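Work through the exercises below with the sequence and the model open. Each task is followed by a solution in steps.

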Amino acid sequence: MGEDDFRTNADGTPAEDLPTKDQLAGESFAERSNEREAAVEAEASTGAGVDEPDLPPAVARFQAEHPNADADAARVSVVHEAERGQDDEYRWHTGLNRPTGVPDAVEFIEVHKAFGRNKILRGLNMGLPEGKISMILGPSGTGKSVCIKHMVGLLYPDDGDVVVHGESVPNMRDDELFAMRKKFGVLFQDGALFGSMNLLDNVAFPLRQHTDKGEDEILEIVGRRLSEVGLGEAGDKFPNELSGGMRKRAGFARALVLDPDIVLFDEPDSGLDPVRTALLCELIQEIHEENGGAYTVITHDIMSARRVAEYIAVLWRGRIVESGPAAELFNSDNAFVRQFLSGAAQGPLGME
């Protein structure tokens with residue numbers, strides 16, 4: 001190892017800027033000490049050689065844009081900028097709820113729900129009007145099916161309240177909850193039929209479980225409901241003998257046998273071709289006109305919404321963007337609502 005290998009400095013001074021051995025040879029120790037002290041005093045008086053702490057990029061940018069502002073003001077501004085960034089996540093969520101003129105059958109009040117660190121509902125306020133076909137629309141994974149489970153008491157909010165016909169679901173006793181659930185009929189995504197039962201027994205199951213009706217009356221009700229959905233001659237068939245559309249119609253018949261006040265449809269168009277979807281939508285309209293009640297359809301299919309929805313609530317990031325009568329929502333000037341209801345690629349919603 002040669003002499004040049006030792007010509008370094010702890011403060012990072014390049015080796016070529018250090019004095020050589022020959023340059024130092026004629027100086028005494030005292031002379032070299034005086035030179036160092038003089039250099040330190042010169043640096044202190046001019047500010048040279050003093051390393052300023054690195055500023056956060058946002059602070060540095062603020063100071064560059066506002067040269068007369070001090071660092072503290074810059075840091076405060078950046079905090080406000082971060083807060084605005086959080087608010088920007090909901091900049092399309094006006095929460096506008098256009099009146100329908102009828103009371104709500106179901107109401108969500110500041111509902112929060114998380115699974116671990118995954119926050120699904122984040123202050124959800126939503127009402128579903130009595131006597132109408134309502135649709136909860138929104139991107140996949142935004143909490144639509146979670147709403148259904150809150151309505152029937154399969155899930156409870158971490159905070160907030162869910163009210164059905166004026167009664168708080170989370171505050172119900174078990175017997176009250178079981179009685180309240182009889183108000184609901186639910187059509188699940190694939191019908192959720194029992195594979196070991198034929199259609200007649202599948203549709204009769206709620207009546208046998210929850211009523212004291214005689215078998216003759218049960219068979220009369222089941223036959224009527226199966227006929228309403230176009231399956232009057234298929235009572236002896238098993239689910240694996242049916243198409244996807246027929247299973248959904250059978251599930252619809254089962255959801256109706258208790259004459260529910262509220263019927264919930266969890267993506268009824270899932271897995272169906274466009275023609276079967278259109279026919280199912282027509283069936284939902286016909287049954288609603290005949291029986292009334294509050295129907296709530298969970299979907300992200302815009303054509304289904306155009307066919308049957310009377311009331312629409314657009315859900316995104318755990319909150320309602322806008323809600324109201326379907327005709328008004330389809331003419332909304334909200335950029336997100338307009339993009340989603342038209343199925344456009346350009347707009348606030350991306351692939352995230």
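Predicted model: local features only at pLDDT ≥ 70, side-chain atom pairs only at ≥ 80, totals over all residues.

**Exercise 1. The whole protein**

Task: State how many helices and strands the protein has, and what percentage of its residues count as buried.

Solution. 
- Step 1. Count the elements: the protein has 13 helices and 11 strands.
- Step 2. Turn to burial: 40% of the 352 residues count as buried.
- Step 3. Look at contacts with a separation of 6 or more: 65% of them join residues 24 or more positions apart.

**Exercise 2. The largest pocket**

Task: Describe the largest pocket by volume, lining and contributing elements.

Solution. 
- Step 1. The volume of the largest pocket is about 700 Å³.
- Step 2. Its lining is made of 22 residues, and R181, F184, V186, F188 and H210 are the closest to the centre.
- Step 3. Two or more lining residues come from each of α5 (144-151), α6 (174-181), β7 (184-187), α7 (199-210) and α9 (244-256).
- Step 4. Helix α7 gives the most, 4 residues.
- Step 5. By type, the lining has 13 nonpolar, 4 polar and 5 charged residues.

**Exercise 3. The largest cavity**

Task: Find which residues line the largest cavity and which element supplies the largest share.

Solution. 
- Step 1. The structure has 1 cavity of 30 Å³ or more, and about 50 Å³ of space lies in the largest cavity.
- Step 2. Its lining consists of M135, P268, D269, L280, C281, I284, V297, S304 and V308.
- Step 3. Sort the lining by element: α10 (274-291) and α11 (302-308) each supply at least two residues, and the largest share, 3 residues, is from α10.
- Step 4. Sort the lining by type: 7 residues are nonpolar, 1 is polar and 1 is charged.

**Exercise 4. P206 and R254**

Task: Decide whether P206 and R254 are buried or exposed, and list their contacts.

Solution. 
- Step 1. Place the residues: P206 is in helix α7, and R254 is in helix α9.
- Step 2. Apply the cut-off for buried, which is under 20% relative accessible area.
- Step 3. P206 has a relative accessible area of 12%, so P206 is buried.
- Step 4. R254 has a relative accessible area of 12%, so R254 is buried.
- Step 5. Beyond four places in sequence, P206 touches T211, R254, V257 and L258.
- Step 6. Under the same exclusion, R254 is in contact with G191, A192, L193, F194, N202, V203 and P206.
- Step 7. Compare sequence and space for P206 and L258: they are 52 residues apart in sequence, and their C-alpha atoms are 7.2 Å apart.

Technical notes
Residues numbered from 1 in each chain as written. Heavy atoms only, no water. 1 Å grid on protein atoms, 1.4 Å probe; cavity = no way out; pocket = protein on both sides within 12 Å on 5 of 7 lines; lining within 4 Å. Points joined across faces, edges and corners; volume = space filled by probe spheres on them. Nonpolar A, V, L, I, M, F, W, Y, C, P; charged D, E, K, R; others polar. Buried < 20%, exposed > 50% of the residue type's maximum accessible area, 1.4 Å probe, protein only. Contact = heavy atoms within 4.5 Å.
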